[in-house]
Amino acid sequence: MPRETNTAKRARAMAIEERMLQHYGEGECSLDYTDPFRLTVAVILSAQCTDAAVNKVTPILFSRYPTPADLAQADIADVEDIIHSLGFFHNKAKNIVKMAQAVVSDFGGQIPNDLDLLQTLPGVGRKTANVVMAEAFRNAQGIAVDTHVNRIAHRLKLAGPSANTPAKTEAQLLKVYPKEYWLYINHQWVHFGRDYCRAQRPKCADCFISDLCPTSNG
């Protein structure tokens, strides 16, 4: 098959997004939160575990430590006990307490509305920062690439073989999607990855974008 031109790839990407919007709307965050700080904590905790599991422990965590100042003074052993079920709880507890301390000392107790500043916080990488910017501030500066987004981008061939890291996958997605759609991609694709484009046994025959997917088995 002839190589897809950049113009054709962008057109296909937009056709995919039109159907995503029809099917999922703007998409919804699966993590429960009430403010940017609690979202940041929840995203840090969600690494290597399900959002549903995080949603079970955050009400307990925030009832005991409702603000950045409270969490900044928390006993890490107590935080570990609360989040023990999530896995990697030693590092996660240390990171969210240190993150809260940095928010208090460096940002006046407020999560910064800035992608680069967010990434200075302990436990906050580019994916977490992208989620917070898009979800909490509606100010997308990129696309959060988690395991779902990375898998789907490659199956749709919107990211090529050279995109062998999340950062490189994101860079290629940013070239095919206009900025006004960056807000929606992560949430839509997470739901799509759970519903259809699963890591194992994807439901290609039932997929509503199978005709736009070069690797579809439908």
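In this predicted model, helix H9 packs against helix H11. H9 covers residues 147–155, and H11 covers residues 182–195. Their axes lie 8 Å apart and meet at an angle of about 80°. That angle makes H9 roughly perpendicular to H11. On the H9 side, the contact uses His148, Val149, Arg151, Ile152 and Ala153. H11 answers with Asn186, Trp189, Val190, Phe192, Gly193 and Arg194. By residue class, the contact holds six nonpolar, three polar and two charged residues.

Phe192 leads on to the aromatic rings. Besides its place in the contact with H9, Phe192 belongs to a cluster linked by ring pairs.

Tyr196 leads on to Pro202. Pro202 sits in the segment after H11. Leaving aside residues up to four places away in sequence, Pro202 touches Arg155, Tyr196 and Cys197. Arg155 falls within the residue range of H9. Is Pro202 buried, partly exposed or exposed? Pro202 counts as partly exposed, because its relative accessibility is 29%. Ser216 stands 14 residues from Pro202 along the chain, and their C-alpha atoms are separated by 8.9 Å.

Now the cysteines. How many disulfides does a search of the whole structure find? The search finds zero. A disulfide here requires sulfur atoms within 2.5 Å. Cys213 is in no disulfide either; the nearest cysteine sulfur is again that of Cys204, at 6.4 Å. Burial is a separate matter. Cys207 counts as buried because its relative accessibility is 15%. Cys213 counts as buried too, at 18%. The cut-off for buried is under 20% relative accessible area.

One last stop is helix H8, residues 126–135, which holds Thr128. Is Thr128 buried or exposed? Thr128 is buried, with a relative accessible area of 7%. Not counting residues up to four places away in sequence, Thr128 touches Val43, Ile44 and Gly123.

Methods:
Residues are numbered from 1 along each chain as its sequence is written. This is a predicted model: local features need pLDDT of at least 70, side-chain atom pairs count only at pLDDT 80 or more; totals for chains, interfaces and linings use all residues. Side-chain values use heavy atoms; hydrogens and water are left out. Rings of Phe, Tyr and Trp (its six-membered ring) pair if their centres lie within 6.5 Å; planes under 30 degrees apart count as stacked, over 60 as edge-to-face and the rest as tilted. Buried means under 20% relative accessible area, exposed over 50%, partly exposed in between (1.4 Å probe, protein chains only). Axes are lines fitted to C-alpha atoms, for helices over the stretch in contact, and angles run from 0 to 180 degrees between N-to-C directions. Helices (H or I, at least four residues) and strands (E, at least two) are DSSP runs, numbered from the N terminus. Angles under 35 degrees count as roughly parallel, over 145 as roughly antiparallel, 65 to 115 as roughly perpendicular and the rest as oblique. Contact means heavy atoms within 4.5 Å. Ala, Val, Leu, Ile, Met, Phe, Trp, Tyr, Cys and Pro count as nonpolar, Asp, Glu, Lys and Arg as charged, and the others, Gly among them, as polar.
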